[in-house]
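Please walk through this structure with me.

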Amino acid sequence: MSFLTHLECPRCSKRYSTKEVHNLCECGSTLFARYDLKRTSGTVSPQALKSRAPDLWRYREVLPVESDESIISLGEGFTPLIHARRLGDRLGLPNLYLKDESQNPTGSFKARGMAVAVSKAHELGIRRLAVPSAGNAGGAMAAYAAKAGMEAAIFMPEGTPLANRLECALHGAKTTVVAGSIKDCGRVMRESLAGGDWFDLSTLREPYRLEGKKTMAYEVFEQLDGRLPDAMIYPTGGGTGLIGMWKAFDEMQELGWISQRRPRMFSVQAQGCAPMVRAFAAGSVVAEEWEDPQTLASGLRVPAAIGDFLILRAVRTSRGTVLAVSDADMLGAVREIAETEGMITSPEGAATLTGLKKLLADGFLGGHESVVLFLTATGYKYTEALEQLV
Ligand SMILES: *Cc1c(COP(=O)(O)O)cnc(C)c1O
Ligand SMILES: [Zn+2]
């Protein structure tokens, strides 16, 4: 069962009830789900988790869905953490790991967030879901909405990969293609659905997608036998996964599972859309919108993130950094991972390898440090972008 207690604003600390439907705090910040962690630590230990089913619902005490009947599951989570021996040898990093998120339903880690958010929406009696999506989030929402028997409306930018448009159409979602970026999609969505009873499932404008994505941190902890790695490299669009994992470390520390020591968090963006890189370099606490975002890594084409201050805070607190990589380097990295590790990953995931090489070259990382790269989606959804490699 869930030990959810309330929603809380990480900026102004205002609290809200979890029995009502909420999007943002009245101050404009995203809201965090809070749990009775004392009770959780008395009920469940890392040892006890071992006998649970291999999906993300094994962490149900720290997930927001109250009743097991509300869970809409396609088998998401508990993806393999693969020891990348050949790639690691090449880089002089014997402790390199790949979190293979392609094995989630719908082929990407967006399934984690959507499984939890759609289940919670279902529990709250919501019937109609809407989301702007650069690709994978829309597909995942469409799949879970179909499974739940809910209506789905998705707003995608022009140039979204065919696989994403197909999955939305096949799952019966109402799909609208919008000129511009995901930011424009959000605006068109809010205009066209205003006054209706559509629930906005935009990333971080809704509290529970983050909860689904935070489970990656719990899994890495379990899969490394109760330790956290020295560094994590995360391809950052809206930053939900990075913010979620940072929140999970807070929870694990309060549960007494980990000490104060955290992995250093490295965030990778595309050179053609790098608002966090610019803000980090300028020493700002928030990021300005990126004009004319361009990258074939559709999941990274996010010009403005509502959780900007949380991304920057986590990276700085962990003594990490933020880097930008080119599309050409991402494609090269897709090939390198395919040749050395037998996995076809998406350009976003491959960007973490390019980021890692820069970090090694600049002396940020090296030797026996353990590093986890998040390979966030399958490459099979990106045939248009990858065609130039053959
Ligand atoms: C959405 C997405 C990302 C970015 O994830 P955030 O948590 O929103 O930063 C990275 N990779 C892929 C494949 C995605 O679909
Ligand atoms: Zn607030």
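Ala, Val, Leu, Ile, Met, Phe, Trp, Tyr, Cys and Pro count as nonpolar, Asp, Glu, Lys and Arg as charged, and the others, Gly among them, as polar. By these classes, the lining of the second largest cavity has six nonpolar, one polar and two charged residues. This is a predicted model: local features need pLDDT of at least 70, side-chain atom pairs count only at pLDDT 80 or more, and totals for chains, interfaces and linings use all residues. Residues are numbered from 1 along each chain as its sequence is written, chains are lettered from A and ligands numbered from 1 in the order in which they are written, and side-chain values use heavy atoms, leaving out hydrogens and water.

A cavity is a set of points, on a 1 Å grid over the protein atoms alone, where a 1.4 Å probe fits but cannot get out; lining residues have an atom within 4 Å of a point. Grid points are joined across faces, edges and corners, and a volume is the space filled by probe spheres set on the points. The whole structure holds two cavities of 30 Å³ or more.

The largest cavity has about 60 Å³. Of its 13 lining residues, His 22, Leu 124, Phe 199, Glu 206 and Tyr 208 lie nearest the centre. The lining divides into nine nonpolar, one polar and three charged residues.

Now the metal. Cys 9, Cys 12, Cys 25 and Cys 27 coordinate the zinc ion (ligand 2) through their SG atoms, at 2.3 Å. Donors are N, O and S atoms within 2.8 Å of the metal (3.2 Å for Na, K and Ca); water is not among the atoms, so sites may look incomplete. The donor angles run from 103 to 119 degrees, so the arrangement is tetrahedral (four donors, all angles between 85 and 135 degrees). The donor residues are spaced C-x2-C-x12-C-x1-C. Cys 9 is buried, at 1% relative accessible area, while Cys 12 is partly exposed, at 40%. Buried means under 20%, exposed over 50%, partly exposed in between (1.4 Å probe, protein chains only).

Last, strand E5, residues 96-100. Strands (E, at least two residues) are DSSP runs, numbered from the N terminus. Five of the five residues of E5 are buried, so the strand is largely enclosed by the rest of the structure. Leu 96, Leu 98 and Asp 100 point one way, Tyr 97 and Lys 99 the other. Strands pair if DSSP finds at least two bridges between them. E4 runs antiparallel to E5, joined by three bridges. E13 pairs with E5 in the parallel sense over five bridges.

Definitions and conventions: Tetrahedral: all angles 85-135°; square planar, octahedral: opposite > 155°, others 65-115°. Helix = DSSP H or I, 4+ residues; strand = E, 2+ residues; numbered from the N terminus. 1 Å grid on protein atoms, 1.4 Å probe; cavity = no way out; pocket = protein on both sides within 12 Å on 5 of 7 lines; lining within 4 Å.
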